[in-house]
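Subject: Handover of a structure, with notes on what was found

Dear colleague,

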Amino acid sequence: MSDDARSVVSGPEGEEIDVATIGEDVGLFEALRTARAIRRLRPDPVAPELIRKVCEAGTFAPSGGNRQPWIFVAVTEPERRAWVAERYRPVFHDYIAPAFEAAREGGLSEARVRNMKAALYLADHLHEAPVHLFVAGWKRRGAEQTQALFPAIQNMLLACRAIGLGVSLTTLHKSFGRECDAYLGLSEKTPTCALLPIGWPLGRFGKPPRDSVDEKLFFERYEAPEG
Ligand SMILES: Cc1cc2nc3c(=O)[nH]c(=O)nc-3n(C[C@H](O)[C@H](O)[C@H](O)COP(=O)(O)O)c2cc1C
């Protein structure tokens, strides 16, 4: 796909979307305050042109020496998404089981349990997410350049928010990372770092629950809380 790609594509209701202008009017601070993880997604397809726009946002991220180590692989074919989902689901169930055990014993906040349930929903419905967008990257001197990929990933999350696409950041596929990378045509030199399931949202964007910045910001010296 090139800059000559279609400029008008279909949205989830068949409405026309202008690829060049969609999301361009969303304020940066508005987007970053409301880009919560959206894990309930419609199965309707997302035009490749919009995925290209999301990835292009990723390419404007900084990277060491401007080496731009990122590689994006968008998996859209249903049987290929099912392949990923079949492996992600049991890994996630094993990962989250102790937390649900703690929740049953009343040890977790309501917000935390809501978050866990949403993540579980994603694990059980991953095959329905119309795009599995993997972010991979070139290793440097044998080491994964994760720190160079996360700025790109954050740009991509914000681009999805601006366009109106639901997305969440996941990494648990790394448990079957080598097998997954081989399936995607990636070698040991270019491992995946994250999987972004993308689709039109069922839920709404909104401000995620966060502690106040005033509990996190210190000038000159950190002051540890008492106790
Ligand atoms: C490094 C990293 C790895 C993550 N891995 C997963 C994952 O494997 N599965 C998942 O559902 N969410 C994953 N998340 C998403 C977090 O759970 C999510 O950002 C957090 O719950 C806050 O969500 P909120 O922004 O909607 O409040 C990951 C987030 C980060 C930063």
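Which residue stands opposite Gly199 in β6? In this predicted model, that position is taken by Gly166. The pairing belongs to a contact between strand β5 (residues 166–167) and β6, which are joined by 2 bridges and run antiparallel.

The sheet

Strand β6 also pairs with strand β4 (residues 131–137), again in an antiparallel manner, and here 6 bridges link the two. Within this pairing, Leu133 has Leu196 of β6 as its bridge partner. Taken as a whole, the sheet is open and antiparallel, with 4 strands in the order β3-β4-β6-β5. Its edge strands are β3 (70–75) and β5, each of which pairs on one side only.

Helix packing

In one of them, helix α2 (residues 48–59) and helix α5 (residues 146–163) have axes that come within 7 Å and cross at roughly 140°. The arrangement of α2 relative to α5 is therefore oblique. The crossing of these two helices, α2 and α5, is right-handed. On the α2 side, the residues in contact are Leu50, Lys53, Val54, Cys55, Ala57, Gly58 and Thr59. These meet Ala152, Ile153, Asn155, Met156, Leu158, Ala159, Cys160 and Ile163 of α5. By type, the residues of the contact between α2 and α5 comprise 11 nonpolar, 3 polar and 1 charged.

The other pair consists of helix α3 (residues 78–104) and helix α4 (residues 110–125), whose axes lie 10 Å apart and which pack at an angle of about 160°. Helix α3 is therefore roughly antiparallel to α4. The crossing of α3 and α4 is left-handed. Helix α3 contributes Tyr88, Arg89, Phe92, His93, Ile96, Ala99, Phe100 and Ala103 to this contact, while α4 contributes Val113, Met116, Ala119, Leu120, Ala123 and Asp124. The residues of the contact of α3 with α4 divide into 11 nonpolar, 1 polar and 2 charged.

Loop residues

Gly185 is situated in the loop between α6 (177–183) and β6. Gly185 counts as exposed because it has 10 C-beta neighbours inside 10 Å. Although Gly185 and Val73 are 112 residues apart along the chain, their C-alpha atoms are separated by 9.3 Å.

The remaining two residues concern backbone geometry. Most residues other than glycine have a negative phi. Gln68, which is not a glycine, has a positive phi of about 50°. Gln68 sits in the loop between α2 and β3, and is partly exposed, with 17 other C-beta atoms within 10 Å.

Arg141 likewise has a positive phi, near 50°, and is a residue other than glycine. Its place is in the loop between β4 and α5. Is Arg141 buried or exposed? With 5 other C-beta atoms within 10 Å, Arg141 is exposed.

Yours sincerely

Key
Residues numbered from 1 in each chain as written. Predicted model: local features only at pLDDT ≥ 70, side-chain atom pairs only at ≥ 80, totals over all residues. Axes fitted to C-alpha atoms, helices over the stretch in contact; angles between N-to-C directions. Parallel < 35°, antiparallel > 145°, perpendicular 65-115°, else oblique. Left-handed = near helix turned anticlockwise from the far one by under 90°. Contact = placed C-beta atoms within 7 Å. Nonpolar A, V, L, I, M, F, W, Y, C, P; charged D, E, K, R; others polar. Pairing = 2+ DSSP bridges. Buried ≥ 20, exposed ≤ 12 C-beta atoms within 10 Å, placed from the backbone.
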